[in-house]
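Hi,

Here is the structure I promised to pass on. Have a look at it first, and my notes on the aromatic rings follow below.

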Amino acid sequence: MDITVSLQIKITFDGNKKVSVGNVATAVKGLGLEQKVTEAVIERVDEELIEKYCGGKYARGNSKKRYQRAGSVERHPVTSVGRHNLKLHRVRDKEEEKIFLPVEDRVEFDGKKVYQEDISMISAELATRLTYRDAVKEGKQFIKDFPSACTINRRVIEYGEKIKTFNRDEITDASVEVAFADGTKTHSQEKGKSKNRVNVVLGVSNGKKVLLDARVNKPWEETASKLEEAAALDKEAVIIGDADREMRNALVKGERRFQLDLIHVLRDTSFKLWQDREMTLEDRKGIIRMLETLLFSLKNSVEKHRKDGDLDALKGRINSTVDGLKKLANELLKLGCSKAASFIRDYSNTIVTFAVLAFKGRKVPWNSNLIERLMGEISKRTKHKWMRWTTKGLETILNLILARYVSEESYLVFKHRMMKSDNLRFIKGEVEIISAGGEF
């Protein structure tokens, strides 16, 4: 089916004032050419199809045919070029006793929704970077009939649920060997709940980041159960994170191992020393410097001996580090710093996991920087003090934010699928300026 749309455009320049190229472009855009052409094309398709089903409007014999004209209906879908005013024909099928729109044989509408998939996806994507109100303000700069904040929220929930299903194939049987886990909190909008708890697991497979799971107000055990069902984690996977005991107990089972982020070791020990209230600030700083020397000497040894292959030296460094940690814990206990001592003693073996595995030939990070940056993406959009979230609203927008952050390529595949961009290959168009004339 070939559709030709002929346009006549009149542009008037008043007086002798000079205008910019941008002024001309804005004026032309303001004419709504794309909107009017879209309407003309769809209505022409409609006319072609109504004649195919029912014949000419007043042709003889039409009353005996299976398909009969059944009046018309107005539709006002909104797309990325604005709101369209369409008058579409209806047809009655006498055999099946139903009424339908012939145009839908060739042009698909997004159900009964006013906002079609292109502008819906654009609005949802804006909302992952801006508040819902700001997304509306930003969108209206380019599209007059931009969706409302409430409509955008509904689309975010819809696409957020769909992208989680879309990503499920990527994590099924992934058997990720290194994963990062972390949690954070946001303000809640729900009655009786002041905070929302967010749990995230990020994996690395073949050098690429993989979002394994993101849940709101669910226990870590549920996260672990879902990952087990999907076989997302290898049986000997290493989990890297902070000292969240619930997270560690849920994810680290069987032959899996845990690496406590070395930066968190320093931060948590400093906090425990403050809680013990037995040392001055300067004394606490001195302890942290001692601990820092132990930890980063080990880190440097792992890097050095991974290159030179001196496994005996690496083993000696691991043993001396563990001994040093236990000695420091005992000294702190004698000084009355029981909280700090217990923390170092309880986590001493998990502090050196990356080094032990380096001795066995496995390369495992000593820090959780990868997921810390991801948690920063969560913070940017959801943790401002005036923001309040429902469980569902928060989880769905995080699904979109984190999916895009982890893999822009995978996110674009999802985006194009939602916008049905593959259908563009069935449409070809040409524009030819016949002439441009006028006088000043």
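The charged end of arginine 277 is placed over the ring of tryptophan 274, 4.4 Å from the ring centre. I call a charge "over a ring" if NZ of Lys or CZ of Arg is within 6 Å of the ring centre and within 35 degrees of the ring normal. Arginine 381 does likewise with the face of tyrosine 132, at 5.6 Å from the ring centre.

Before you go further: this is a predicted model, where local features need pLDDT of at least 70, side-chain atom pairs count only at pLDDT 80 or more, and totals for chains, interfaces and linings use all residues. Residues are numbered from 1 along each chain as its sequence is written, and side-chain values use heavy atoms, with hydrogens and water left out.

Now the rings. There are seven aromatic pairs (Phe, Tyr or Trp, taking the six-membered ring of Trp, with centres within 6.5 Å; planes under 30 degrees apart are stacked, over 60 edge-to-face, the rest tilted). One of them joins phenylalanine 166 and phenylalanine 414: the centres are 5.5 Å apart and the planes at 55°, so this pair is tilted.

Phenylalanine 296 and tryptophan 366 form an edge-to-face pair, 5.7 Å centre to centre with 85° between the planes; both are buried.

Cheers

Conventions
Buried < 20%, exposed > 50% of the residue type's maximum accessible area, 1.4 Å probe, protein only.
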